[in-house]
Amino acid sequence: MQHMASLTRLHEVAEPTAIEVARLSHVYAGPEGGVPALEDISMKVAAGRFVVIVGPSGCGKTSLLMMLAGLRHQTEGTILCNERPINRPDPARVGVVFQEASLFPWLSAVDNIEFPLALRGMPKEERRRHAEAMLRLVGLEGFGGRYPHELSGGMKQRVSIARGLVQDPPVLLMDEPFAALDEQTRMTMGHELLRIWSTTRKTVVFITHSLTEAVYLADEVLVMSARPGRIIDRIPVTLPRPRTYEMMATDTFGRLRDRIWQQIRKTTQPGLA
Amino acid sequence: MTRTQIILTRLVLLGLVVATWELLPRLGFVNPRLLPPLSDVLTMLGQLLGRAQVQEAIWVTAAEVIVAFMIAVPLGAAIGVLIAENDYVGDIFRPMLFYVFSIPKSIFLPMFILIFGIGFGQKVAYAAFSTTFVVIMSAAAAVESVKADHILVARSYGATRGQILTRVYVPSMLPVLLETLRISMIFNFTGVMIAEMYASRTGIGHLIANWGENFQMRQLFAGVILLAVVAILFNEAVRYLESRCSTWRA
């Protein structure tokens, strides 16, 4: 029954656009002049959709995410979030979940989750109420007092997700959040993330290296080329929701996974394509 | 071994050292004029603490140590933060500081005497000088121990510069900073002692050097015990703070 919300996604009406990137390019200042990092990126993400970006290492996917978060500035092009431009961090609109070691080790789990609220000067009791609700959402009730070094890798990422969601932003950006986890934990966390997503109905942009993870999670997979990063393929994932582990063994899953792999192979080893 | 066993073993070893110190001279295995029995030394320590001359020396030394510490720590911390945070300053000064850091500071002592004469200023200046470098190195290391990821997280949640400073830099650096305090006090104390023993009219270091030259071994050992106890107490006090402030460190 927790997947009721996601079932309704099958009948998509014209949803408002949560993120719109238009003709975005980025050039780094290198020692010998500018290095093009991102080239002519355009994308639209409808509200409530789960979009996964994959691409070879160094293709600029993390840079793109940093720009969506307002943490870095693109050289050209615009980013709209809920129809307003993003040019600096706006936690009310965008929450970010980083790779593993991003929790503050000197704060307990619940204090980590409260961190964004504390920055806004929200009173202690109100903060605690929000944080406790988030702990329940990510399945960590009763673990709030633990420090990050007392939590497993998967639990740490649950705390990170809770921290990303605590201000209830409509958009959640995730930068390879499960990259440091072992495969079994990673599968479980992917499943958990879909459960959390289906109850909160956020728009998610998720970066990963794992093709299986991409197909399993996404409504749509965007494939990026080697540097300078461009979007070379947009693959709608037609698998029904809720997703199940059994789907990984289906032909559809295999074909989608293979299509992404072929694209990445082409862009990294053009001679072999 | 359990914790109690470890503590017991330590106490037994301490007892052995104490007993050996007491018995070897008493039983004639060691010349008591070279190594007076511990009980004699402790009695002498008690007498010394009652003497006006010794009390004055203690105050002078304590004042020198505290003033030098209060100069060296903020100065070294400011320079250390500057070379770690500012690439330009860091690129220029880092190698020079490393070169000077590697030189034994005591060879500069004659210059300090020429500049400051023999007295309070010379002790403080020399001790502060010899301590500043270790503070610079540790403070730079403390800044570099702040993870870029943590700053990024704070920024992504809209933290201001001030909030990043108080909520990310300070807690990240605190354990290293406390360790810096502890180590810099060791250097600082050593600096004052060397300066006092080299050339001085008062201070504990001066008294110890005098007692040594005059072969007053009971006084000499009493002075050594006094200094050791003070140094250990300070060290343990900061270590206690460190352990309280860094419960989160695995």
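## About the model

Because the model is predicted, local features need pLDDT of at least 70 and side-chain atom pairs count only at pLDDT 80 or more, while totals for chains, interfaces and linings use all residues. Residues are numbered from 1 along each chain as its sequence is written, chains are lettered from A and ligands numbered from 1 in the order in which they are written, and side-chain values use heavy atoms, with hydrogens and water left out.

## Chain A as a whole

The secondary structure of chain A comes to 8 helices and 10 strands, where helices (H or I, at least four residues) and strands (E, at least two) are DSSP runs numbered from the N terminus. Chain A has a radius of gyration, taken over C-alpha atoms, of 19 Å, close to the 19 Å that the globule rule gives for 273 residues, so it is as compact as a globular protein of that length; the rule itself is 2.2 Å times the number of residues to the power 0.38. Along the principal axes, the C-alpha atoms of chain A fill a box of roughly 60 × 45 × 40 Å.

Of the 273 residues of chain A, 52% count as buried, a word that stands for under 20% relative accessible area, with exposed being over 50% and partly exposed in between (1.4 Å probe, protein chains only). Among contacts (heavy atoms within 4.5 Å) in chain A between residues at least 6 apart in sequence, 70% join residues at least 24 apart.

## Where chain A meets chain B

In the interface, 21 residues of chain A are in contact with 18 residues of chain B. The area buried between the two chains is about 1900 Å², and carbon and sulfur atoms give 70% of it; buried area is the accessible area (1.4 Å probe) that two parts lose on being put together, summed over both. Leu71(A), Trp106(A) and Leu119(A) supply 34% of the area that chain A buries against chain B, more than any other three residues.

Helix H3 (109–119) and helix H5 (153–165) of chain A are the elements that give two or more residues to the side of chain A that touches chain B, and H3(A) provides the largest share, 4 residues. The residues on this side of chain A divide into 16 nonpolar, 4 polar and 1 charged; here Ala, Val, Leu, Ile, Met, Phe, Trp, Tyr, Cys and Pro count as nonpolar, Asp, Glu, Lys and Arg as charged, and the others, Gly among them, as polar.

## Helix H2 and the residue after it

Helix H2 (residues 61–68) of chain A is mostly covered, since 7 of its 8 residues are buried. The buried residues of H2(A) include Lys61(A) and Ser63(A), along with Leu64(A) and Met66(A). Just after H2(A), Gly70(A) takes a positive phi of about 80°.

## Two buried polar side chains

Asn112(A) lies in helix H3 of chain A and, at 0% relative accessibility, counts as buried. A polar atom of the Asn112(A) side chain lies 3.0 Å from the backbone oxygen of Leu107(A). Leaving aside neighbours within four places in sequence, Asn112(A) is in contact with residues including Phe104(A), Pro148(A) and Arg163(A).

Arg241(A) has its place in the loop between strand E10 (231–236) and helix H8 (251–268) of chain A, and it counts as buried because its relative accessibility is 7%. The side chain of Arg241(A) reaches the backbone oxygen of Leu217(A) at 2.7 Å, and the backbone oxygen of Ala218(A) lies 3.2 Å from a polar atom of this side chain.

Notes
A polar contact is a pair of N or O atoms within 3.5 Å; within protein, one must be able to donate a hydrogen and the other to accept it, and residues adjacent in sequence count only if both atoms are side-chain atoms.
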